[in-house]
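Here's a quick briefing on a protein model, from a couple of single residues out to the whole chain. Have a look at the sequence and the structure first.

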Amino acid sequence: RLARKQILGQYKTVLLKRKQKDLRTRTEQAKAHGIIKNIQFSKEYIKLCCALMWWCEGNKNSSFLRFTSSDVTLIKNFLSLLRKGFILDESKFRVLVHLHAYHNDYKQRVFWSQVTKIPLSQFHKSFQKKNSGKRTKENYPGCIAPTYYDARIAKELEALYNEFTKSRGVR
């Protein structure tokens with residue numbers, strides 16, 4: 001009986017901690033919603049967000065833009081900001097997908113084409129990453145590197161990032 005009570009007590013503790021965590025998550029989510037709701041998404045603000053994302057996950061070559069990630073949401077957000085912040089020529093996009101041997105190349109390229117809204121005709125041949133085959137990641141879509149060839153936009157994003165950091169006293 002004591003062992004059963006101890007197990008029930010541990011179970012109740014786990015449930016209580018889970019409820020507390022869920023409450024904290026909902027509270028933080030409500031605060032975040034309030035912050036985002038009050039932001040004015042001007043073209044300048046969108047460009048700044050795009051520049052910050054590019055500086056974190058993009059190339060640092062000022063003759064073109066490349067943004068590399070396997071995070072679908074991150075890719076969608078970056079491309080959305082880029083498209084809303086700048087007038088783009090969609091034909092200047094090219095995409096390179098990095099896949100493992102366990103991926104279906106065509107299926108993954110179709111998936112990323114739908115995510116990026118970039119036609120398959122603008123995809124390079126996929127890069128096959130070396131993999132020992134010992135570990136596979138369930139539902140891992142591969143890594144993608146969409147590239148936009150426009151030095152003017154690349155230079156503008158770099159200048160925005162540099163000016164932002166300078167204005168914060170970071171540089």
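D150 sits in the loop between β4 and α5 (151-167); helices (H or I, at least four residues) and strands (E, at least two) are DSSP runs, numbered from the N terminus. Before going further: this is a predicted model, where local features need pLDDT of at least 70 and side-chain atom pairs count only at pLDDT 80 or more, while totals for chains, interfaces and linings use all residues. Residues are numbered from 1 along each chain as its sequence is written, and side-chain values use heavy atoms, with hydrogens and water left out.

**Loop residues**

- Is D150 buried or exposed? D150 counts as buried because its relative accessibility is 10%; buried means under 20% relative accessible area, exposed over 50%, and partly exposed in between (1.4 Å probe, protein chains only).
- Leaving out residues up to four places away in sequence, D150 touches S63, F64 and K92, where a contact means heavy atoms within 4.5 Å.
- F86 is in another loop, the one between α3 (72-85) and β2 (93-99).
- F86 also counts as buried, because its relative accessibility is 6%.
- Which residues does F86 touch, not counting those up to four places away in sequence? They are K43, K47, I153, E156 and L157.
- F86 and I46 are 40 residues apart in sequence, yet C-alpha to C-alpha they are 9.3 Å apart in space.

**The sheet**

- The 4 strands form an open sheet in the order β1-β4-β2-β3, with mixed pairing; two strands pair if DSSP finds at least two bridges between them.
- At the edges are β1 (65-66) and β3 (127-128), each pairing on one side only.
- β1 and β4 (residues 143-148) run antiparallel and are joined by 2 bridges. On this side of β4, L65 stands opposite Y148, and R66 has T147 as its bridge partner.
- β2 and β4 also run antiparallel, with 6 bridges joining them. Here H98 stands opposite C143 in β4.

**Inside β4**

- Why is β4 described as largely enclosed by the rest of the structure? Because 6 of its 6 residues are buried.
- In a regular strand the side chains alternate between the two faces of the sheet.
- In β4, C143, A145 and T147 point one way, while I144, P146 and Y148 point the other way, and all are buried.

**Whole-chain numbers**

- The protein has 5 helices and 4 strands, and from the N terminus on they run α-α-β-α-β-α-β-β-α.
- The radius of gyration is 22 Å, whereas a compact globule of 171 residues would be near 16 Å. That radius is taken over C-alpha atoms, and the globule rule is 2.2 Å times the number of residues to the power 0.38.
- Along the principal axes, the C-alpha trace spans about 75 × 45 × 30 Å.
- Of the 171 residues, 30% count as buried.
- Take the contacts between residues at least 6 apart in sequence: 77% of them join residues at least 24 apart.
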